[in-house]
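Hello,

Here is the structure we talked about. Please look it over first; my notes follow below.

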Amino acid sequence: MPPRHPPVAPGTMKNTRSFCIIAHIDHGKSTLADRLIQSCGGVDERDFRDQILDSMDIERERGITIKSNSVTLNYTARDGETYRLNLIDTPGHVDFSHEVRRSLMSCEGALLLVDAAQGVEAQTVANMYLALEYDLEIVPVINKIDLPSADIERVKEEIEEDLGLEAEHAVLCSAKTGKGIVDVLEAIVTRLPPPAGDPEAPLQAMIFDAQYDPYRGAVLLCRVQQGRLRPGQSALLMHTGKRYDVEEVGLLQLKRVSVPELDAGSVGYVIAGIKSVSDIEVGDTITDARSPAAAPLPGYKEAKPVVFSSIYPMSTEEYPELVRALEKLKLNDAALIYEKDSSAALGFGFRCGFLGLLHLEVVQERLRREYDLSLILSAPSVRYRVTTTAGETVWVDNPSYYPNPGQIDHVEEPYIKASVMMPERYLGPVMELCRERRGEGTTFTYLAVGRVELTSEMPLAEVIFDFYDRLKSTTQGYGSFDYEMLDYRATDLVKVDILVNGEPVDALSQLVHRERARGRALHYCERLEETIPRQQFKIAIQGAIGGDIIARKTINAFRKDVTAKCYGGDITRKRKLLEKQKKGKKRMKMVGNVEIPQSAFIAVLKTDKD
Amino acid sequence: MTAAGLYLHVPFCTSVCPYCDFAVTIAGPQRRASYLDAFDLEIGRATARGLRFDTVYLGGGTPSSLGPGPLGRIVGRVRERLDVASGAVWHLEVNPEDVSPVAAESWRDLGFDFASLGVQSFDDAELAFLGRRHGADGARRAARTLLDAGFPTVSLDLIFGLPGQTRDRWRRQLETALELGAQHLSCYQLTVHDGTVFGRRHRRGELDELAEDEQAELYLLAHEILGAAGWESYEVSSFAAAPHHRSRHNQKYWDHTPYLGLGPSAHSFDGRTRWWNRRKLRLWAAALEAGESPVEGEERLDDEALFAEAVMLGLRTAAGIDLGRLRDRFGAAVAVVDEPAVDRLVAGGWLVRDGDRLRPTPPGMAVADAVVRAVLA
């Protein structure tokens with residue numbers, strides 16, 4: 001039975017600690033969070049489930065965190081005092097760095113979790129640098145010390161050498177067995193500083209994420225930096241300029257627990273009659289409209305979609321369901337944007353904007369899983385700036401709207417500053433990878449002995465197509481990757497069309513750098529060759545730029561497709577299979593007279609194999 | 001009214017072949033005895049159906065492994081209790097290792113006139129790969145013995161499409177079958193089923209299936225060689241030296257004639273409903289011993305399902321389907337085919353249109369499943 005810790009009276013800032021846990025995937029972040037919550041009596045045993053802070057199925061299954069979450073725990077320390085601990089759970093992926101940064105800004109400290117057997121790994125480093133950027137106090141925690149393969153001394157050395165942190169006082173624990181959990185809690189209390197804001201100053205509260213509640217609308221997760229936030233206030237969101245009446249504030253203790261006010265240093269939620277999550281911007285500052293703060297908190301950046309793709313229902317009958325599903329999803333995912341789109345091959349759909357490829361995948365997965373929709377996605381694209389011969393500027397992220405080459409004066413594409421941190425031994429291959437991806441101005445600096453950071457100015461378009469996977473394999477998982485948007489630069493862009501028996505499949509068209517066109521066209525042709533089943537006639541699959549064929553594959557007509565035996569017992573089975581295939585036939589897309597299965601549209605998006 | 005077919009399932013094998021997914025079992029004398037008792041009971045239950053049979057088929061498993069005594073007992077019971085027409089064809093599946101002049105004579109004496117011999121191949125290496133207990137010599141000897149015993153039709157089962165099988169190697173099997181004087185051949189493409197030894201090997205990547213184009217070549221080679229010898233291919237896997245050597249029993253499965261199946265896993269059909277017995281020998285026998293029906297499940301086919309089956313089964317046979325007759329039988333609303341697909345199949349040489357009748361060509365038979373999928377709207 002975990003000890004019951006009495007609640008902390010508000011106004012005791014010196015007894016508040018706000019922290020996050022940063023870790024490489026699989027190093028036990030969620031298990032440690034679970035254990036801290038249990039140790040503080042934050043949850044009844046019967047309500048407990050693993051990965052308790054990850055509420056979406058997709059988060060639990062893939063072991064990733066997509067939405068930030070937080071929990072406020074009460075902990076009575078060895079010094080006899082009771083502390084209020086705010087654990088802020090953050091996403092770990094670069095697509096959601098927006099949320100990560102906002103979450104880090106809401107903490108004073110971070111537990112840097114390292115697996116006792118695996119040691120320091122790529123994401124550990126990337127996340128630590130992020131934490132350092134926000135001036136967080138970092139406590140190294142070595143987890144999984146119960147493993148037979150645990151090598152605590154070696155891991156300590158790595159923490160000192162790779163991370164430059166003092167490892168002598170690293171906390172040792174096993175989140176799985178519960179060993180050392182009290183030491184972790186004590187380190188939080190004794191080694192992390194309390195918040196510093198003035199409760200009497202004008203209100204400034206940072207929104208670090210938002211959840212959607214079907215009855216209450218958007219529930220904002222926020223950290224009060226200074227001042228007080230309470231019901232009845234008129235809240236002004238400083239960047240959007242919108243005002244809302246605060247209805248309820250409270251603490252997140254796995255469920256919402258309303259309190260009279262959130263004062264400086266508090267982490268909690270606000271409900272203010274906001275209809276949906278997309279009405280607000282993560283990173284915005286809440287102030288009191290009657291006595292506003294002079295300026296918003298720093299660090300606000302609009303979350304802009306950078307990857308675009310069209311989504312079509314596999315069967316046109318599912319279009320109305322797709323409309324409803326996107327509307328619902330949008331309520332909880334402010335970063336998702338979409339507008340109507342249509343394709344000659346695939347019918348009505350939506351053009352959607354995403355924060356990155358993982359975000360795209362997550363949306364696709366949620367549509368499939370939560371709304372049981374079978375979808376086709378077009379090749380992801382960045383947004384190009386096209387200047388026409390008439391001198392007009394047109395933004396194009398959809399190949400269907402790419403102007404006729406005769407009308408184009410020049411095209412620019414977005415560049416990013418990519419940074420890759422890795423052990424020195426991978427520098428050569430990673431530089432080669434960047435060069436292959438049209439990286440410019442590639443430089444590197446030594447971080448510590450044996451560890452380098454490489455920066456390169458690269459077209460974003462090169463990154464959205466399997467760069468991350470290639471980097472991971474090139475560095476055997478030790479390379480960490482982050483990027484920021486840089487500027488637009490001139491490019492030599494072409495539109496590659498894919499033709500099946502002479503008919504263009506518009507959903508497979510894509511905008512590509514001229515140097516890449518042939519390779520990409522061939523990749524598409526090969527994947528289609530593998531996934532389109534043989535049919536009654538020969539099928540030509542071609543990649544073309546305008547009238548020029550640049551790649552070609554052929555699928556021969558079927559030649560052998562018959563079950564050898566069909567006697568008494570086989571007949572029912574065979575008819576049932578036929579009925580199933582008939583349903584599958586409805587899910588085929590007809591292009592001209594060629595049946596293309598959904599799997600073909602998915603396969604083309606899969607990354608190149610070397 | 002057309003007479004029905006009677007199928008008797010003998011689930012016993014002396015060893016289970018690595019590619020086989022039939023309901024078979026290796027059983028000792030006691031289980032064989034209880035099987036025979038249960039069979040008596042099921043035959044007894046079947047009398048109430050009042051069916052008249054003009055084909056009787058003993059399949060398996062390995063009916064020939066039963067030995068003359070038990071086999072005689074089953075045949076005797078069938079003749080005694082069920083209405084079998086005097087001109088009925090009695091069909092027996094035989095394994096080469098069970099064949100001897102004495103055994104062959106006893107089968108003839110019991111009244112069997114169509115013997116299907118599971119030689120699979122006349123090549124020692126292929127037989128070893130297939131896990132068969134007989135060798136090439138045994139296969140030839142068994143075929144000769146059956147022919148010498150005076151069976152009006154001796155059919156040989158051959159398997160083709162083995163990994164690495166060449167045209168020449170397959171040609172030799174077919175030529176051997178012709179030289180021996182067989183009157184019927186069943187040429188089955190090797191199929192890797194889940195839940196068999198081959199299925200597991202395939203999943204582990206230890207067994208490669210022959211590529212589609214090569215399978216097609218071997219299949220069409222059989223049509224070519226047997227066609228040149230004056231044989232007819234009357235169903236995708238069935239070839240006969242002359243029309244009277246066709247399997248009259250199997251034909252019933254393909255044209256929706258009623259049939260009654262007895263024994264574990266056996267399927268029956270009355271023109272509208274299909275039902276099937278428990279697959280496991282023990283459960284099938286236990287039900288009968290308890291005086292209960294051994295039937296495990298049944299399905300009643302609506303017109304849509306019957307039409308789909310008629311197309312599916314008809315397009316596997318050389319006779320094909322008669323769209324006019326199907327429309328008469330099921331109505332124009334149900335008997336619908338994808339006309340543009342049919343036109344494409346005719347233009348591509350997979351189907352021949354002859355008035356209302358659609359017949360598959362040999363290349364069409366090679367892709368009968370795909371043809372059926374395309375034809376059904």
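A:F444 counts as partly exposed, at 36% relative accessibility. That class lies between buried (under 20% relative accessible area) and exposed (over 50%), with a 1.4 Å probe and protein chains only. A:F444 sits in strand 24 of chain A, residues 440-448. With A:M431 and A:Y446, A:F444 forms a nonpolar surface patch of about 280 Å² accessible area together. Patch members have over 30% relative accessible area and no salt bridge, and nonpolar side chains are joined within 5 Å.

A word on the basis. This is a predicted model: local features need pLDDT of at least 70, side-chain atom pairs count only at pLDDT 80 or more, and totals for chains, interfaces and linings use all residues. Residues are numbered from 1 along each chain, chains are lettered from A, and side-chain values use heavy atoms, without hydrogens or water.

Next, the cysteines. There are zero disulfides (cysteine sulfur pairs within 2.5 Å) over all chains. A:C20 is in none; the nearest cysteine sulfur, that of A:C107, is 4.1 Å away. A:C566 is in none either, and its nearest cysteine sulfur, that of B:C20, is 17 Å away. A:C20 is buried at 0% relative accessible area. A:C566 is buried too, at 0%.

Just after helix 13, B:G349 takes a positive phi of about 85 degrees.

Best wishes

Note on methods
Helix = DSSP H or I, 4+ residues; strand = E, 2+ residues; numbered from the N terminus. Patch = residues over 30% accessible without salt bridge, like charges linked within 9 Å, V, L, I, M, F, W, Y side chains within 5 Å. Areas by Shrake-Rupley, 256 points an atom, 1.4 Å probe, with all protein chains shown as cover. Salt bridge = Lys/Arg side-chain N within 4 Å of Asp/Glu carboxyl O.
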